[in-house]
Amino acid sequence: VTGASFVVFNGALKTSSGFLAKSSIVEDGLMVQITRETMESLRQALRDKKDFKITCGKMDAGDVKEYVDICWVENEEKTNTG
């Protein structure tokens, strides 16, 4: 689990790169590089307020994967107030 001040979703990852998606820590945030198709699915999930999971790593890496989970919650805690 990684806490971040911001998240950047970059939809320019080429399918030919051999990656499903790539995540990396940038300053105090997280950058997730995804394909155009995944970006379209993510945008629709955000519009519909649906949870979304992005699987990161090489396509042929087997069971070792990272995940970026976008989850909608019912209870909004008062964090970052002010």
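Biologist: Where is the place of Thr 35?

Modeller: Thr 35 sits in the loop between strand 3 (29–33) and helix 1 (36–47). Helices (H or I, at least four residues) and strands (E, at least two) are DSSP runs, numbered from the N terminus. This is a predicted model, where local features need pLDDT of at least 70, side-chain atom pairs count only at pLDDT 80 or more, and totals for chains, interfaces and linings use all residues. Residues are numbered from 1 along each chain as its sequence is written, and side-chain values use heavy atoms, with hydrogens and water left out.

Biologist: Why is Thr 35 called buried?

Modeller: Buried means under 20% relative accessible area, exposed over 50%, partly exposed in between (1.4 Å probe, protein chains only). Thr 35 has 10%, so it is buried.

Biologist: What is Thr 35 in contact with, leaving aside its neighbours within four places in sequence?

Modeller: Gly 11, Leu 13, Thr 15 and Leu 20 are in contact with Thr 35. Contact means heavy atoms within 4.5 Å.

Biologist: Why is Glu 27 called exposed?

Modeller: Its relative accessible area is 74%, so Glu 27 is exposed. Glu 27 lies in the loop between strand 2 (19–26) and strand 3. Its phi is near 50°, a positive value in a residue other than glycine.

Biologist: And what makes Lys 49 exposed?

Modeller: A relative accessible area of 58% makes Lys 49 exposed. Lys 49 is in the loop between helix 1 and strand 4. Lys 49 is not a glycine, yet its phi is positive, about 55°.

Biologist: Why does Ala 4 count as partly exposed?

Modeller: Its relative accessibility is 41%, so Ala 4 counts as partly exposed. Ala 4 lies in the segment before strand 1. Leaving aside neighbours within four places in sequence, Ala 4 is in contact with Asp 28, Gly 29 and Leu 30. Ala 4 and Asp 28 are 24 residues apart in sequence, but 5.9 Å apart in space, C-alpha to C-alpha.

Biologist: What is the order of the five strands in the open sheet?

Modeller: The order is 1-3-2-4-5, with mixed pairing. Two strands pair if DSSP finds at least two bridges between them.

Biologist: Why do strand 1 (7–10) and strand 5 (66–70) stand at the edges?

Modeller: Each has a single partner strand, so one side of each is left without a neighbour in the sheet. The twist averages 35° from one strand to the next. Axes are lines fitted to C-alpha atoms, for helices over the stretch in contact, and angles run from 0 to 180 degrees between N-to-C directions.

Biologist: How many bridges join strand 1 to strand 3?

Modeller: Four bridges join these parallel strands. In strand 3, Val 32 is the bridge partner of Phe 9. Helix 1 packs on the sheet, touching strand 1, strand 4 (52–58) and strand 5. The direction of helix 1 makes about 160° with that of strand 4.

Biologist: Which residues form the largest nonpolar core?

Modeller: It has 12 residues, including Ala 21, Val 32, Met 39, Phe 52 and Val 68. Strand 3, helix 1, strand 4 and strand 5 each supply at least two residues of this core. A nonpolar core is a set of buried Ala, Val, Leu, Ile, Met, Phe, Trp, Tyr and Cys residues joined through side-chain atoms within 4.5 Å.

Biologist: How do you know that the charged end of Lys 22 sits over the ring of Phe 19?

Modeller: A charge sits over a ring if NZ of Lys or CZ of Arg is within 6 Å of the ring centre and within 35 degrees of the ring normal. The charged end of Lys 22 sits over the Phe 19 ring, 5.0 Å from its centre. Lys 53 lies over the face of Tyr 67, at 4.4 Å from the ring centre.
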